[in-house]
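Me: I would like to go through a protein model with you. Could you begin with the aromatic rings?

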Amino acid sequence: MLESFLNPMKKWFFWAGVSFIIGGTISLALNLGVQESLGRLEDLTGYAIGWIAVGIVLIIFGLIKGKKERS
C-alpha cells in the first residue's frame with residue numbers, strides 16, 4: 001500500500017523543475033515586455049533567470065535519480 005502511494009512521487013523533482021522553468025520564463029517575459037525602463041529595484045531579470053536555472057537543476061537531478069531507481 002505504501003508503495004502505491006509513493007509511486008507518483010518519484011517524478012517530483014522533474015515536474016517541480018518544469019514548473020520553475022515555466023514560472024521563470026513567464027516572469028522574464030513580463031519583465032522584458034514592460035514599456036518603461038525599470039529602476040534597479042524593479043528589475044527582476046536576475047531572479048527570473050535564477051528560477052529557470054533552478055528548474056534545469058531539478059530536472060537534471062530528477063532524471064539522474066530516476067535512472068538510478070530503474071537500475
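**Aromatic rings and the surface**

Reply: In this predicted model, Trp12, Phe13 and Phe61 are linked into a cluster by ring pairs.

Me: How many aromatic pairs does the structure hold?

Reply: There are four aromatic pairs in the structure. One of them joins tryptophan 12 and phenylalanine 13; the ring centres are 4.8 Å apart and the planes stand at 80 degrees, so this pair is edge-to-face.

Me: Why is that angle enough for the name edge-to-face?

Reply: Planes over 60 degrees apart count as edge-to-face.

Me: And what about phenylalanine 13 and phenylalanine 61, how are their rings placed?

Reply: The centres of these two rings are 4.8 Å apart, and because the planes are at 85 degrees, the pair of phenylalanine 13 and phenylalanine 61 is edge-to-face. This pair links distant parts of the chain, as phenylalanine 13 is in helix H2 (residues 12–32) and phenylalanine 61 is in helix H3, 48 residues apart.

Me: How exposed are tryptophan 12 and phenylalanine 61?

Reply: Tryptophan 12 has a relative accessible area of 46%, so it is partly exposed. Phenylalanine 61 is also partly exposed, with a value of 43%.

Me: Changing topic: which residues make the nonpolar surface patch?

Reply: Leu44, Tyr47, Trp51 and Val54 make this patch, which covers about 420 Å².

Me: Where is tyrosine 47 found, and is it buried or exposed?

Reply: Tyrosine 47 lies in helix H3, which spans residues 45–70. Its relative accessibility is 59%, so tyrosine 47 counts as exposed; the cut-off for exposed is over 50%.

Technical notes. Residues numbered from 1 in each chain as written. Predicted model: local features only at pLDDT ≥ 70, side-chain atom pairs only at ≥ 80, totals over all residues. Heavy atoms only, no water. Patch = residues over 30% accessible without salt bridge, like charges linked within 9 Å, V, L, I, M, F, W, Y side chains within 5 Å. Areas by Shrake-Rupley, 256 points an atom, 1.4 Å probe, with all protein chains shown as cover. Salt bridge = Lys/Arg side-chain N within 4 Å of Asp/Glu carboxyl O. Helix = DSSP H or I, 4+ residues; strand = E, 2+ residues; numbered from the N terminus. Buried < 20%, exposed > 50% of the residue type's maximum accessible area, 1.4 Å probe, protein only. Phe/Tyr/Trp six-rings, centres within 6.5 Å; stacked < 30°, edge-to-face > 60°.
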